[in-house]
Structure formats: structure tokens, C-alpha cells
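Let's take a walk through this model together, one region at a time. Please have the sequence and the 3D view open as you read.

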Amino acid sequence: MSSRSRLTKMTESSANKLLNGDACNRTINEKKSSKNGFVKSHCLFQQPHKYRRTVEKNQNVTPSSSLYKKPFVESFEETPLLVAVLTYMGYGILTIFGYLRDFLRHWNIEKCHVAQEREEQKDFVPLYQDFENFYTRNLYMRIRDNWNRPICSVPGAKIDLVDRVSHNYNWTFEHTGKVVKDVINLGSYNYLGFAENTGACVDASIEVTQKYGVGVGSTRCEMGNMDIHEELEQLVARFLGVESAMTFGMGFATNSMNIPVLTGKGCLILSDELNHASLVLGVRLSGSTIRVFKHNNMQSLEKMLRDAIVHGQPRTHRPWKKILIVVEGIYSMEGSIVRLPEIIALKKRYKAYLYLDEAHSIGALGPNGRGVVDYFDLDSKDVDIMMGTFTKSFGASGGYIGGKKELIDYLRHHSHSALYATSMPPPVVQQIITSMKIIMGEDGTTLGADRIRQLSENTTYFRRKLHDMGFIIYGNDHSPVVPMMLYMPAKIGAFGREMLKRNIGTVVVGFPATPIIESRARFCLSALHTREMLDTALQAISEVGELLQLKYSRHQQPHPSLEWTSEDSQLQD
Amino acid sequence: MICASACKMNFKNLREYLAWLYYQYLLITGIYVLEPWEKSIFNSILFSAIAMVIYTSYVFVPIHVRLALEFFSGLFGGQPESTMALMN
């Protein structure tokens with residue numbers, strides 16, 4: 001981690017040599033430096049000039065198109081103005097009723113079910129007056145039956161839910177004793193379908209449980225390092241194409257406990273606007289300076305990198321010890337994929353480090369299921385720290401970090417999770433080993449390749465059909481996470497309930513996980529969903545969309561005849 | 001927009017269509033999530049406000065329109081009389 005003085009090294013010739021063949025909007029007479037030595041207009045990614053304001057922010061026009069080997073199509077259609085106004089009006093009316101109910105609760109006209117301060121605390125700073133608590137009491141509670149639904153079967157393509165009923169408007173629930181069977185599961189993170197209770201993975205896990213038991217009883221550093229842990233780590237390193245890897249018992253803890261080990265005071269972290277809570281927690285715990293760049297926006301990131309290198313640390317203007325860029329592979333609330341080729345180009349140019357969180361993209365993207373690096377056909381040695389979780393595509397739990405051997409050896413001794421957290425239980429380890437071997441094709445069957453292809457076919461089909469029906473869908477065309485916009489607060493509750501009536505389980509998301517007017521329903525596709533299941537689900541979604549008036553999109557409906565090509569998967573090159 | 005999608009759904013009779021329109025009103029204003037007594041309060045306040053608007057317009061709009069017409073016809077009708085008087 002040497003000190004850096006970049007000002008002298010950014011000459012014009014080196015900037016020209018670095019990326020040949022880059023179709024950049026640079027002109028000859030822009031290569032001037034101003035008085036204080038800050039060289040302007042050498043940016044790799046200039047702002048593309050927009051001469052027309054279009055309804056859709058289609059981001060498939062990239063200035064450096066030679067970096068992408070296939071088209072990168074993302075769309076985040078803008079909220080229609082009428083819908084935004086009506087949504088604000090709805091929230092306003094519900095807020096007024098919220099104040100009315102708070103008034104009744106305060107004057108004891110109505111029984112209060114919610115947490116309250118005690119009499120002795122009333123003169124201190126109020127605990128429950130902020131907007132989040134107001135929102136929880138008055139808005140979330142009314143539609144609470146859409147969340148935390150108890151499950152009583154394996155979360156595969158179909159799932160069984162415990163039937164429950166509430167007699168006092170969602171303050172308390174009672175189980176009726178019945179079970180809602182065979183609900184189509186569009187909410188679980190089960191991209192390759194390894195969450196199952198029959199098959200090779202389960203048999204291997206049972207054998208291992210009979211050999212090792214379930215609990216480990218110690219941390220990795222003391223007595224909890226088993227031979228299957230070592231085998232798993234070597235397998236993960238081979239899967240990712242890195243020198244060495246280390247696994248942890250919990251995915252959230254992997255991020256929050258290891259980022260503080262890698263950076264400290266005097267380092268700079270550039271993190272994306274929409275990063276997950278575990279990344280934000282880890283970054284804040286580390287004590288480094290944090291700067292947030294706009295979501296997936298390379299111009300914003302480059303500007304921050306240049307400012308950081310030129311101006312250095314805030315008061316002393318010394319160079320930063322390290323600059324770490326923290327991004328995710330797939331952002332699960334937006335369905336967008338990170339622009340990895342551009343970030344790697346920026347990272348190499350400005351000599352920063354890259355931390356890539358592939359929680360949702362490992363196993364789900366790429367022709368071989370090796371994640372977003374495989375999807376863009378890049379070299380995994382370019383990413384300094386590859387992190388991911390085993391929850392989504394491998395049907396297990398836990399996380400891993402992969403990278404150079406020196407880095408992982410350092411982490412083995414200094415990570416808080418390795419020192420204090422119990423290591424992964426043996427059946428979970430065996431589940432990951434078996435499923436990873438299936439994905440790589442090493443068990444002798446083509447099950448892994450079949451599932452990867454099925455997932456990408458399902459994704460393309462589902463997204464295209466939803467788009468053709470007229471819903472507003474966010475995100476990249478190849479991402480298996482599909483957020484569908486709902487906007488109005490009453491429709492959040494109505495959508496969840498209507499879908500459950502038609503035997504389809506969906507996840508709806510509102511504030512505070514998303515901005516207040518952009519509430520959405522999020523579908524997670526799986527390789528176990530057959531075409532019939534998807535058709536049933538799409539039929540129901542269309543029905544509910546008509547009933548609730550959810551088809552907000554304003555693009556032209558395409559002719560069915562032109563679009564009916566056979567299943568186009570991105571694997572058939 | 002409402003009529004186009006209403007034609008796609010099969011409404012057997014007028015009652016079903018009106019029930020669907022009421023459902024849309026509940027969803028758009030956000031009343032759908034409230035308890036029944038809160039819905040009644042909001043509906044009665046909104047209904048009385050609309051009733052007052054209709055009553056006021058029924059009572060006052062004809063008078064205002066008549067006064068406005070008199071004002072404007074006084075402006076245009078009055079002119080030729082005065083110039084003719086001046087010439088003669």
C-alpha cells in the first residue's frame with residue numbers, strides 16, 4: 001500500500017496510450033491544462049450529449065462500445081406524472097389518518113398496541129416520533145399480512161404457506177390450522193433451484209451429517225477448521241478462477257466484518273448509491289472516508305476518482321493510502337447489472353482497488369454460471385476482492401471472499417469473522433460442495449449446464465412477456481431479478497393479497513427499502529420454474545394488472561408476429 | 001385509459017362495473033388500507049364537500065353568468081349610441 005502522487009504521472013501521452021481503440025468523444029484542442037495543474041477533459045467517459053429528452057432512459061448507448069462484447073440494455077422508465085401526483089396524494093391522505101389515529105391513541109380513546117414510552121421518560125427526547133416509526137405504526141401495520149408469511153415446506157418452485165387470519169387489523173395473527181398448498185414461488189432466491197429436499201446434494205449432506213454431526217463448536221482459528229472447509233475453499237478458488245478463497249458462516253457478516261479489516265483511517269471508499277446494508281455497515285465500521293457515487297454512473301465515479309487523486313485527503317492534502325471501489329454484481333432492488341468493463345478500465349487507469357459483491361449474480365449470470373465476470377468475459381484477476389454468498393444460487397448459507405493468496409492469508413488471521421464467529425456447519429458445506437460441482441459439470445451429468453440455460457431462457461421469456469403486457473419493469477434484460485413498479489401505497493397491499501388469492505406468492509417492497517413513491521413487486525425467477533408455471537403466473541399477473549390498473553408503461557406495444565422468435569438464450573452464440 | 005382496460009375485463013352488468021370503479025377510487029386515494037369507520041369518515045367528508053360545490057354552483061353560477069353578459073353587452077352595445085349622439 002504505497003503512497004501515491006498521481007499528478008505528475010497523468011501526462012497526455014500516457015492517457016492516449018492506455019486505452020487504444022476507445023471510441024471516446026475527445027477532440028484535439030481539449031488537451032490543455034489549466035493553471036493549477038488539474039488536467040481537464042481527459043476523462044475516459046464523457047457525458048453523452050442528449051439532444052432529445054426521451055421518455056425512457058435507455059442506457060444502451062455507451063461511448064466506449066468496444067469494451068462490451070454484447071449489447072448492454074437497461075431501462076428505467078420514468079414515473080408518469082399523473083401517477084406520481086396521485087401517489088403523493090394517497091400518501092398525504094394516509095398521513096392525515098395516521099395523525100388522527102395517533103391523536104386517538106394519545107388521548108386513550110383507542111387502545112394502543114404499539115411500543116410507547118413510559119411515564120417517567122415523557123420529558124426526555126421522544127423515541128417514537130420520527131417518520132420511520134410513524135410510517136410503521138400507521139401505514140406498514142395495515143398491510144402487514146403481505147410480509148413474514150410462515151412457510152412449511154422446502155422453498156422450491158412451489159411452496160406451502162401457513163394460513164393465518166387477523167381479527168384486529170393485523171396487530172395480531174392466528175393460525176387457522178390449514179395450509180395453503182402449492183403456491184407458485186416467485187419470491188425465494190433460488191436461481192438455480194438447489195433448494196430442494198431430494199437429489200444428490202441432500203444425500204451427500206445426510207452422509208456428512210452422519211459423519212461429522214451438525215454443530216462445529218468452535219471458530220475457524222481455534223478448533224473449527226475441518227478438512228471439508230479446506231476442500232470447499234479450494235473448490236471455490238477453482239470455481240472463481242482466483243488464487244485462493246475463504247468462506248464464512250454468514251453472508252451479511254462476510255461484508256460487515258471484513259471490510260473493516262481491509263481499510264481504515266486514511267483510506268477512501270467509493271461506494272455505489274444503492275449498495276446493500278451489509279456493505280454500508282462494513283464501510284462505516286471501517287472508519288474510512290466514504291463518498292457515494294450515483295448508481296452505475298461511470299462519469300460520476302470517474303469525477304470522484306479524479307478529485308480524490310488530485311486533492312488528496314481533506315485537510316492535509318496528503319495522498320490517500322488506498323482507494324477502494326465497492327460495487328455489487330446485480331442490484332436486487334433495481335435488477336441492474338454493474339458496468340464491470342468500464343469500472344475495470346477506470347480502476348486500472350487510476351490505480352484503485354475493486355471490491356465486487358456478487359451475492360445475486362454468482363451462479364445466475366454468465367454462460368458457465370461463474371457470475372458477472374463470466375458474463376462480461378473478463379479476467380477474474382482484474383477484480384481485487386471477489387465476494388459472494390452461497391444463499392442464492394447454491395441453496396445453502398454463508399459467504400466467501402476470493403483474491404490473491406497474500407490477501408486471503410492476511411484475512412485468515414485478521415478477520416473478525418474468522419476469529420470470533422463459529423465456522424460453517426458440515427451439512428451446509430457439503431451442500432455447497434455438491435452443488436458447485438454440479439454447476440461446474442464435474443459430477444458427470446449435464447444438470448448444471450441445463451439449469452443455467454433454463455434460467456436464462458426463463459429470464460428472457462418472462463421479462464419480454466411482462467414488457468409486452470405493458471408493465472413498467474426496471475433493470476437489465478438478462479438479470480433474473482425482475483422489479484415491477486406499483487407506485488401507489490394501496491396497490492402494494494392489494495397486489496400481494498390478490499396474487500395470493502390466485503395461488504402465487506410474491507414479494508412486494510415499499511418504503512424504506514425503496515424511495516417513497518417507487519414501491520414495487522419483485523419477482524425472482526428460478527431454473528425450476530417450467531414454462532407452464534411461468535405462463536400461469538403471467539396470466540395471473542396480467543389479470544391482477546387489469547384489475548388494479550397497473551399497466552403504466554407508455555411505449556408502443558410491439559406486434560406479436562415480429563417478436564415470435566424461438567427462445568433466444570444468450571448462450572446460443 | 002380506464003375505459004380501454006374496462007372493455008378488456010368482462011363485466012356482466014352495470015353493478016359489477018360500478019363496483020370496480022369504486023375499487024379504483026379506493027386504491028387511488030389509498031382508502032383501501034383503512035378500517036371501515038375511517039373509510040366512512042373520508043367518504044362522508046368528500047361527499048359533503050362535493051355536494052356543497054354542486055349546490056353553490058347551482059345557486060350562483062346563473063346569476064354570475066347573467067351579470068357578466070350584461071357587463072360585456074353594456075360595453076359593446078353602449079358605444080355606437082354615444083358616437084351617433086355626437087355626430088348628430
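Helices (H or I, at least four residues) and strands (E, at least two) are DSSP runs, numbered from the N terminus. Please keep in mind that this is a predicted model: local features need pLDDT of at least 70, side-chain atom pairs count only at pLDDT 80 or more, and totals for chains, interfaces and linings use all residues. Residues are numbered from 1 along each chain as its sequence is written, chains are lettered from A and ligands numbered from 1 in the order in which they are written, and side-chain values use heavy atoms, leaving out hydrogens and water.

Let's begin with Cys152(A), which sits in the loop between helix H3 (131–140) and strand S2 (158–165) of chain A. Leaving aside residues up to four places away in sequence, Cys152(A) touches Asp160(A), Leu161(A), Val162(A) and Val179(A); contact here means heavy atoms within 4.5 Å.

Arg142(A) is buried at 12% relative accessibility, and Glu38(B) is buried at 0%.

Within chain A, Arg105(A) pairs with Asp102(A), their closest N and O atoms being 3.5 Å apart. Because they are three residues apart in helix H2 (residues 81–106) of chain A, about one helical turn separates them. Arg105(A) is buried at 5%, and Asp102(A) is buried at 18%. By contrast, Arg118(A) and Glu120(A), which form a salt bridge of 3.4 Å, are both exposed.

Finally, look at the open antiparallel sheet of three strands in chain A, ordered S14-S17-S16; strands pair if DSSP finds at least two bridges between them. Strands S14 (481–485) and S16 (507–509) of chain A each have a single partner strand, so one side of each lacks a neighbour in the sheet. Three bridges join S16(A) to S17(A) (residues 520–524), and Val508(A) stands opposite Ala521(A).

How values were computed. Salt bridge = Lys/Arg side-chain N within 4 Å of Asp/Glu carboxyl O. Buried < 20%, exposed > 50% of the residue type's maximum accessible area, 1.4 Å probe, protein only.
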